[in-house]
Amino acid sequence: MARIESFDDLPRRAPNAAPPAPLYPWPEGYGAAMFLSFDVDAESAWTAKDPDNFNRLVTMSYGGYEARVGTPKLLELLDQLGLKATFFITGWTLDAHPAMCEAILKAGHEIGHHGYHHLLPDPGSPRLIEEVDAGLDALKRRLGVVPKGYRAPSGEFCEELRVALAERGFVYTSSFRDDVRPYRHILDDGRPGTIELPPTASYDDWMLGLSARFSPRPIFPKEHVLSIWKDELDETRDWGAMVTTVLHPQCSGRPMRLRLLREFLTYAQSFPDLWITTGEDIAANYLRHEQAEAR
Ligand SMILES: [Zn+2]
């Protein structure tokens, strides 16, 4: 993909060629969906910005919270609520914290791919493909998992990545912000890509509750975040669409944040028509309808 150096070279077309999502029904009894997902970055969220952050021990400790406290607490909460979720894990995290990752798998949750070093998949990035393959290798080596789903570290994408994931057999991705239902990617050469399960910034806890020297943000209180999360869910249910969470154990595994998440998930569970599930399940539902339509 050539760099676009000037506005004269800017293509006059939509960058994403996929049409709006088809209105496939949710499984029997459900009118809307929640893709419950977590991004397990651990320290790689911080070393991605500068590998030498490894020597900055307090910076590292933000990520280190995940293995020591955050992830076990989240697993406990999901178990109490009887919910299954998807955990997108970086390869580095698998290598550095194998016991934490084994516990996620053992609890019956889906494991997804989240890069190796959590490097932003910027167009032309020299480690783009290496990140995908090293992440796959770590998942296989540590957990025996061949992931169906991928979420881009720091939420960026490019055509080279879309092609690489489709060619490696990924079923779904979850990074694009352009819809409220699953849809099928179309690659630039016209071939089908992965199924997209779009997230929104509204459910990214990092934006609302994590503050550090290198990631300074305001911390929002429970009432504010609950108001955002409930309003987004209520309207999405009315639309018959889906919400996707982007939660991080180093944020939502903190005491006050866990309390907030418990309250939100309990609220979500009060709607019997809301399908709270993994990306794998939502993608499989899409695939069933797509295949039925093709017949
Ligand atoms: Zn991440």
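Helix α2, which covers residues 57–81, has 25 residues and spans 35 Å between its first and last C-alpha, close to the 36 Å expected at 1.5 Å a residue, where the expected span is 1.5 Å times one less than the number of residues. The model is predicted, and local features need pLDDT of at least 70, side-chain atom pairs count only at pLDDT 80 or more, and totals for chains, interfaces and linings use all residues. Residues are numbered from 1 along each chain as its sequence is written. Helices (H or I, at least four residues) and strands (E, at least two) are DSSP runs, numbered from the N terminus.

Helix α2 has a kink of about 50°, centred on E66, the bend being the angle between axes fitted to the seven residues ending at a residue and the seven starting there. E66 is also among the buried residues of α2, which include Y62, G63, Y65 and A67; buried means that 20 or more other C-beta atoms, placed from the backbone, lie within 10 Å of the residue's own. Their cover includes β2 (37–40), α4 (98–106) and α10 (255–269). Just after α2, G82 takes a positive phi of about 70°.

Elsewhere, three strands form an open sheet in the order β9-β1-β10, with parallel pairing, which requires at least two DSSP bridges between two strands. The edge strands, β9 (242–244) and β10 (274–277), each pair on one side only. Strand β1 (residues 32–35) is joined to β9 by three bridges, and F35 has T244 as its bridge partner in β9.

Terms used:
Buried ≥ 20, exposed ≤ 12 C-beta atoms within 10 Å, placed from the backbone. Contact = placed C-beta atoms within 7 Å.
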